[in-house]
Amino acid sequence: CCAKLRVVSKRLQIVFAGPSVDAAACRELMAMVDNEATATPAALRAARSAIEHPGLEKGVALALLLRLRHWLPIFHPPAENIVQLQAARAALPEALSRAMATPRHPEVEKAMCEVMRRLIVHNRPAASAVLNAGGVASLMRVLGCQQQAQPGSTRSATTAIATMQVLAEVVGARRCFAEVGAAATVAAAMKADPSNVELQHAGYRLFFCLADVAPDLVLREVQA
């Protein structure tokens with residue numbers, strides 16, 4: 001009897017561990033997000049689960065990230081961004097950090113960077129959560145992949161660097177970026193696309209943050 005149960009269990013595991021089941025699960029999570037007109041805690045938790053799900057497909061991912069971007073306008077202090085705080089409580093910043101550690105479609109990576117930026121801007125607790133979840137390494141990986149992209153690719157280093165700059169407002173993140181060679185990587189991206197004003201602006205703002213902890217390193221890259 002036990003042997004038969006083990007055989008049945010293995011067969012069920014094979015059936016329910018397939019890619020089609022993973023994709024269906026992601027679509028169900030996306031449906032939970034779509035069913036909410038506003039960013040409710042339940043919708044944000046569903047979004048968190050979908051972002052980390054291994055079966056997340058490009059189309060579903062882009063639709064999900066677009067909805068999150070729509071829900072996360074950038075407010076400046078003293079205005080309080082309620083959705084931003086709710087997303088932090090739902091552990092969305094940590095989920096994005098972990099998801100970005102794995103290679104994704106270029107458009108998905110860019111959209112993830114933008115959502116992360118909106119989650120952590122003027123939000124030190126969320127930025128700290130990203131830092132503790134390996135956000136520095138994830139952003140460096142994304143930026144490195146974008147630098148290797150062919151001309152005309154949809155990848156853009158601008159969003160990654162802008163997100164790095166916002167995260168670098170946390171002192172601990174500045175040290176981490178300096179230790180992993182962010183100054184050299186960002187300088188290379190800036191030199192590769194000197195006509196991109198937005199990228200240049202984001203890069204120099206990041207340099208200003210890194211100069212607090214590694215002034216000699218930043219000066220060397222700027223003068224090179």
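A residue counts as buried when its relative accessible area is under 20%, as exposed when that area is over 50%, and as partly exposed in between. In this predicted model, Glu-107 has a relative accessibility of 29% and is therefore partly exposed, and Lys-58, at 39%, is likewise counted as partly exposed. These two residues form a salt bridge in which the closest N and O atoms are 3.9 Å apart. Because Glu-107 belongs to helix H7 (residues 106–120) and Lys-58 to helix H4 (residues 58–71), the pair ties together parts that lie 49 residues apart in sequence.

The structure holds 6 salt bridges in total, and another of them joins the side chains of Arg-98 and Glu-52, with an N to O distance of 2.6 Å. Arg-98 sits in helix H6 (residues 92–99) and Glu-52 in helix H3 (residues 41–52), so this pair links parts 46 residues apart in sequence. Arg-98 is partly exposed, at 41%, and Glu-52 is also partly exposed, at 33%.

Within helix H7, Glu-114 and Arg-117 are 3 residues apart, which means that about one helical turn separates them. Their salt bridge brings the closest N and O atoms to 2.9 Å, and Glu-114 is buried, with a relative accessible area of 10%.

Elsewhere, helix H10 (residues 157–167) packs with helix H12 (residues 182–192) at an angle of about 145 degrees, their axes being 11 Å apart, and the crossing is left-handed. Ala-157, Ile-161 and Met-164 of H10 meet Ala-182, Val-186 and Ala-189 of H12, and the contact comprises 6 nonpolar residues, with no polar and no charged ones.

Key. Residues numbered from 1 in each chain as written. Predicted model: local features only at pLDDT ≥ 70, side-chain atom pairs only at ≥ 80, totals over all residues. Heavy atoms only, no water. Axes fitted to C-alpha atoms, helices over the stretch in contact; angles between N-to-C directions. Helix = DSSP H or I, 4+ residues; strand = E, 2+ residues; numbered from the N terminus. Left-handed = near helix turned anticlockwise from the far one by under 90°. Contact = heavy atoms within 4.5 Å. Nonpolar A, V, L, I, M, F, W, Y, C, P; charged D, E, K, R; others polar. Salt bridge = Lys/Arg side-chain N within 4 Å of Asp/Glu carboxyl O. Buried < 20%, exposed > 50% of the residue type's maximum accessible area, 1.4 Å probe, protein only.
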